[in-house]
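Student: I would like to go through the terms used for this model and see what stands behind each one.
Tutor: Then let us take them one at a time.

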Amino acid sequence: MSAEPQRTLRSLLVSERSSFLDDKNRLSAQAQQHHLNYKVSVLLPECSSAPSHLEAALNSFSTFYLIRKLPLYELLDKHFLETAVYQGSVYGLSYRSRIDQENCVCLTPNGRLSLSLDKDSYELLGFEGKPSKFNHRTTSRYVVSVDLTDSCMAPGGRGYQRLLKGLTSRLRLQVDFLLSHPGGGALQSLLSRYDWSEHPPEVSVRSLSHLSCPALLTSDLQSCDPHSLLEWLGAVDADVSCENSSSSFLSTLVCPEPSRTASQSLSVSVCGLLLPKDVLRLVQELRCYLEQSLQVSWVALTVHGFTDSPVSWGHSEHGVVTGGENFYTLLLFQDQTYQLHLSTGAPHTCPP
């Protein structure tokens with residue numbers, strides 16, 4: 001086998017250590033730049049059941065909407081722009097559209113509309129964009145990124161009229177669309193015109209007995225190899241055994257050494273269109289949990305971005321390549337320090 005496939009499997013991993021007590025820590029800004037999240041996983045070692053305040057945070061993630069066959073020009077509706085987009089905090093993503101084969105669209109809270117289009121759709125749209133950096137030998141995909149809050153994109157403006165004409169008369173694209181906005185009231189006019197459903201994020205809980213955990217894990221980045229740690233956390237979340245017994249052909253993953261056995265642990269996940277503000281609220285509750293716990297020295301939280309999102313961090317273009325990974329893992333410790341690991345595929349822009 002040639003070495004080329006080995007190179008394509010590489011990914012970027014940025015790791016840093018800081019403290020919640022440090023006014024210059026960047027956690028909040030970094031989390032808010034990861035706009036489109038579909039899953040949050042939490043691992044609580046030496047825990048048999050989550051305390052009430054933590055359980056409440058896990059069950060209080062904002063609901064979101066699925067709008068079926070939404071014409072994209074509706075995202076330029078003047079009332080929607082004024083009541084939702086210009087107010088900030090709108091999150092939207094085309095649902096079950098494969099970014100390596102189909103047209104994908106997202107709307108981020110800073111008012112930026114991003115379209116990842118195949119060549120034919122791009123040429124039909126007739127709006128300025130640029131070739132995707134995930135093209136291979138030929139240019140087959142283009143990216144159109146529009147700041148809807150820019151003055152030229154105000155209803156009636158030249159840029160606005162050009163994009164609206166492209167979406168209404170040339171590229172009449174319809175997508176199933178996930179949409180979220182705090183309170184949801186600003187979306188009602190849009191929702192009333194289409195088939196839609198409201199969804200609360202799905203929470204699942206697994207109790208783990210006799211879980212092997214890293215024994216000397218501290219906020220020092222040298223205490224445990226980040227790649228081994230993230231592999232182990234991923235295996236626990238996916239319910240893959242890390243025993244590595246001679247009779248098992250499923251996995252060779254092992255817990256980083258030295259290890260210890262936690263008699264009872266809890267693995268919790270929340271799935272849906274998850275907002276960064278809800279993730280940060282959960283982080284605050286995890287900090288409180290650590291302060292009150294006598295047995296637990298650390299907890300882990302991993303936030304997974306959508307595989308088929310046109311963007312990953314900020315406005316950075318995102319593509320599947322081999323896996324479409326874009327996530328970050330936060331390890332919180334009792335002394336208010338933390339490790340933060342941010343990862344994405346190698347061709348992507350480095351995480352912040």
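Student: Where is Ser-121 placed?
Tutor: Ser-121 is in helix 5, residues 119-125. Helices (H or I, at least four residues) and strands (E, at least two) are DSSP runs, numbered from the N terminus. This is a predicted model, in which local features need pLDDT of at least 70 and side-chain atom pairs count only at pLDDT 80 or more, while totals for chains, interfaces and linings use all residues. Residues are numbered from 1 along each chain as its sequence is written, and side-chain values use heavy atoms, leaving out hydrogens and water.

Student: Why does Ser-121 count as buried?
Tutor: Because its relative accessibility is 9%, and buried means under 20% relative accessible area, exposed over 50%, partly exposed in between (1.4 Å probe, protein chains only).

Student: What makes the link between the side chains of Ser-121 and Asn-103 a polar contact?
Tutor: The distance is 3.0 Å. A polar contact is a pair of N or O atoms within 3.5 Å; within protein, one must be able to donate a hydrogen and the other to accept it, and residues adjacent in sequence count only if both atoms are side-chain atoms.

Student: Which residues is Ser-121 in contact with, leaving aside neighbours within four places in sequence?
Tutor: Asn-103 and Leu-171, where contact means heavy atoms within 4.5 Å.

Student: How do you know that strand 11 and strand 12 pair?
Tutor: Pairing requires at least two bridges found by DSSP, and 12 bridges join these antiparallel strands. Among them, Arg-206 has Ser-267 in strand 12 as bridge partner.
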